[in-house]
Amino acid sequence: MPETSDVVELILQDHRRMEDLFRRMRSVEDDRGAALREFSDLLIAHALAEESEVYPALKRYKNIEDDEVEHGEEEHDEGNQALLALLEVEEIGGDEWDEKLEELVEAVTHHADEEERTILNGARENVAMDRREELGKAFWEERERQLKSGCGSVENVRRIVKS
């Protein structure tokens with residue numbers, strides 16, 4: 001487990017890591033392919049863990065809007081589609097790569113911003129810390145399980161997008 005088990009903080013840490021990976025994927029001086037592989041695993045594991053462990057629990061709180069949670073799931077789908085489009089680009093660093101990377105950045109950044117302002121602020125204000133820590137442990141365990149399964153492979157991302 002990381003230093004904190006607060007689900008809000010764990011999700012925020014993943015969001016910041018994704019931002020770092022975007023910077024690496026944009027950098028001509030970095031291993032962009034390695035950054036994409038790490039990003040793909042993280043995005044898929046993060047979203048699956050949120051959808052299975054966090055979102056259903058947060059729907060039970062009256063001050064966290066169900067439609068915000070459902071909208072978050074829809075945005076996960078959009079992010080997954082943008083990720084697949086980038087994973088399918090043959091030439092890392094070419095024009096198509098840059099275009100698909102920016103579409104991915106836009107989709108994920110938009111989702112993270114909305115999630116932080118609505119769902120996570122709602123959780124911080126309305127969910128007791130002990131419950132947030134329980135959710136954090138469940139989120140982390142599922143996230144780790146997904147990461148170990150190679151969840152970000154292009155084949156798995158294709159399967160997720162098709163379902």
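Q: What makes up the lining of the second largest pocket, by residue class?
A: In this predicted model, the lining of the second largest pocket divides into seven nonpolar, four polar and three charged residues. Gly counts as polar under the scheme used.

Q: Which helix gives the most to the lining of the second largest pocket?
A: Helix H2 gives the most, with five residues. The space in this pocket amounts to about 170 Å³. Of the 14 residues that line the second largest pocket, Gly33, Leu36, Arg37, Leu87 and Val154 are the closest to its centre. The elements that give two or more residues to this lining are H2 and H3.

Q: What makes a residue part of the lining of the largest pocket, and which residues line that pocket?
A: A lining residue has an atom within 4 Å of a point of the pocket. The residues that line the largest pocket are Ile44, Ala47, Leu48, Glu51, His76, Asp77, Asn80, Gln81, Arg159, Ile160, Val161 and Ser163. At least two residues of the lining come from each of H2, helix H3 (66-87) and helix H6 (154-162). By class, the lining has five nonpolar, four polar and three charged residues, and the largest pocket holds about 220 Å³ of space.

Q: Why is H1 called roughly antiparallel to H2?
A: The axes of helix H1 (residues 7-26) and helix H2 (residues 32-58) cross at roughly 155 degrees and come within 9 Å. Angles over 145 degrees count as roughly antiparallel, so H1 is roughly antiparallel to H2. The crossing of these two helices is left-handed.

Q: Which residues of H1 and H2 meet?
A: Contact requires heavy atoms within 4.5 Å. Among the residues of H1 that meet H2 are Val7, Ile11, Asp14, Met18, Leu21 and Phe22. The residues of H2 that meet H1 include Arg32, Leu36, Phe39, Leu42, His46 and Val54. The residues of this contact divide into 13 nonpolar, two polar and seven charged.

Q: Why are H1 and H4 described as roughly antiparallel to each other?
A: H1 and helix H4 (residues 95-126) pack at an angle of about 165 degrees, with their axes 11 Å apart. The cut-off for roughly antiparallel is an angle over 145 degrees, and H1 and H4 are therefore roughly antiparallel to each other. H1 passes H4 in a left-handed crossing. The contact of H1 with H4 has 14 nonpolar, two polar and seven charged residues.

Terms used: Residues numbered from 1 in each chain as written. Predicted model: local features only at pLDDT ≥ 70, side-chain atom pairs only at ≥ 80, totals over all residues. Heavy atoms only, no water. Axes fitted to C-alpha atoms, helices over the stretch in contact; angles between N-to-C directions. Helix = DSSP H or I, 4+ residues; strand = E, 2+ residues; numbered from the N terminus. Parallel < 35°, antiparallel > 145°, perpendicular 65-115°, else oblique. Left-handed = near helix turned anticlockwise from the far one by under 90°. 1 Å grid on protein atoms, 1.4 Å probe; cavity = no way out; pocket = protein on both sides within 12 Å on 5 of 7 lines; lining within 4 Å. Points joined across faces, edges and corners; volume = space filled by probe spheres on them.
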